[in-house]
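Q: Hi! Could you walk me through the ligand site in this one? I'd like to start with the contacts.
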Amino acid sequence: MYGDTFTIRLNRRFGPLVLFSDPQALQLILTNDDTKLFEAPGGLNVTLELITGTQSVFGLSGERHRRARRLLMPPFHGERMRSYGELIRGVGEQVVSGYQPDQAFPARNPMQTISLRVILRAVFGLTDGPRYQELEKRLGTLLDRVSSPVSASILFVPSLRQDLGPRSPWGRFIRNRQQIDQLIYDEIADRRKQTERQRDDILTLLMAARDESGEALSDLELRDELMTLLIAGHETTATALTWALYWVHRLPPVRQRLLQELDSLDGDFDPSAVFKLPYLNAVCSETLRIYPVALLTFPRVTRSRVDLSSVTLEPGTAVAGCIYLAHRRKEVFPDAEQFRPERFLDQHYSAYEFLPFGGGVRRCIGMAFAQFEMKLVLSTILSRFNLALSDARKVRQQRRGLVSGPSPFRMVKIG
Ligand code: HEM
């Protein structure tokens, strides 16, 4: 309706933002977002600062941003990532087992619990115990606030931030946040005492990291990066998993084909083998294509005058990739509004046609990890349990705080 390129205003604090979805324009932006044409300034990503703090990778730019990414990336790739396979499968199985047969439940609930547990165990390296349980409960509350459009307004509207005691919205928010911070600082303090233990979680790796001058990260920096990974990874993955559950159970032929593919593994659910299954991969990709969890990339800003998709952008113009519209382009994805995983078997899409995780210097750090988790959780649920949608209502896409997800729907475990 608005054409390829148009300008939006997200809120008063944030100036105009020019959106692009044409693959050629996206390629130009995302391959030049740290050159003389564009930058990817962290200063524009301040919405989450109340939770992630000021030292988070979201808010950093230039060399400090590159350094933070170098520190954070390794645990989300290769062998390190694959070592979390059994943990992810175990959490998926444990959470869904806890649901009673024949009793309908909101589909999002188990997916939220799974994604939070996976992050707390893999990223924070927490094991069961009172601190873990307290943190899971408190983080669940904090993250639920961020995902509800009404409560999330505290993040966007500074005038709502009035501490009118522990029962007021802002009062509750800051008290909860203080308690979470304390739990994290206690965990860091304990870790500093137990240097002899070999661990491969991300908190340990961050604590061991040193910058060029030999400095370690401060407790505040550690806290901010942990909260960033939580905020970036929890709601997004839970939402993608909820959509995947919906599509697989809404479309019986998709479920059937997935079950056949899983059968071909002959009971060998080795995480690396599951990761390589082509149809499972296609279902996860199509889930992220049709309703991408993040509608937009983070903003980039022009450093000089740039001609792009027949518009001229003056220096200092904020632009962003519109992931949603890029995934709906009819010439790239025929029948774009249909859920058709086969398209990912028949064709290869470029990184500027299909970009659920953004691209360039801010491309999602958790991309491989999130795809790994989606595949393992989905395959575990399908092979171990018989779930069904508990009503025939159509699910719509709706805003959930900072991401976009399915309207609430219920499922039931059969037998
Ligand atoms: C399905 C799940 C996920 C989706 C759809 C998603 C999507 C995205 C998108 C679109 C961006 C912005 C990229 C850009 O501007 O070019 C991003 C950034 C980011 N993501 Fe994810 N993400 C997911 C899961 C995760 C996970 C599991 C983690 C880590 C635990 C994570 C950590 C991050 C971080 C730290 C950034 C900021 C990178 C930077 O500023 O340099 N994400 N993600």
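A: Happy to! First a cut-off: a polar contact here is a pair of N or O atoms within 3.5 Å. Keep in mind that this is a predicted model.

Q: Good. How far is an oxygen atom of the ligand from a polar backbone atom of G359?
A: That distance is 3.0 Å, so the pair falls within the 3.5 Å cut-off.

Q: And what about the side chains of R300 and R362, how far are their N or O atoms from a ligand oxygen?
A: For R300, a side-chain N or O atom lies 2.7 Å from an oxygen atom of the ligand. For R362 the distance is also 2.7 Å, again from a side-chain N or O atom to a ligand oxygen.

Q: Switching topic: where does T297 sit?
A: T297 is in the loop between α14 (278-290) and β5 (300-302).

Q: Is T297 buried or exposed, and why?
A: T297 counts as buried because its relative accessible area is 11%, and the cut-off for buried is under 20%.

Q: Which residues does T297 touch, leaving out those up to four places away in sequence?
A: T297 touches A320, G321, I323 and G358.

How values were computed: Residues numbered from 1 in each chain as written. Predicted model: local features only at pLDDT ≥ 70, side-chain atom pairs only at ≥ 80, totals over all residues. Heavy atoms only, no water. Polar contact = N/O pair within 3.5 Å; in protein donor to acceptor, adjacent residues only side chain to side chain. Helix = DSSP H or I, 4+ residues; strand = E, 2+ residues; numbered from the N terminus. Buried < 20%, exposed > 50% of the residue type's maximum accessible area, 1.4 Å probe, protein only. Contact = heavy atoms within 4.5 Å.
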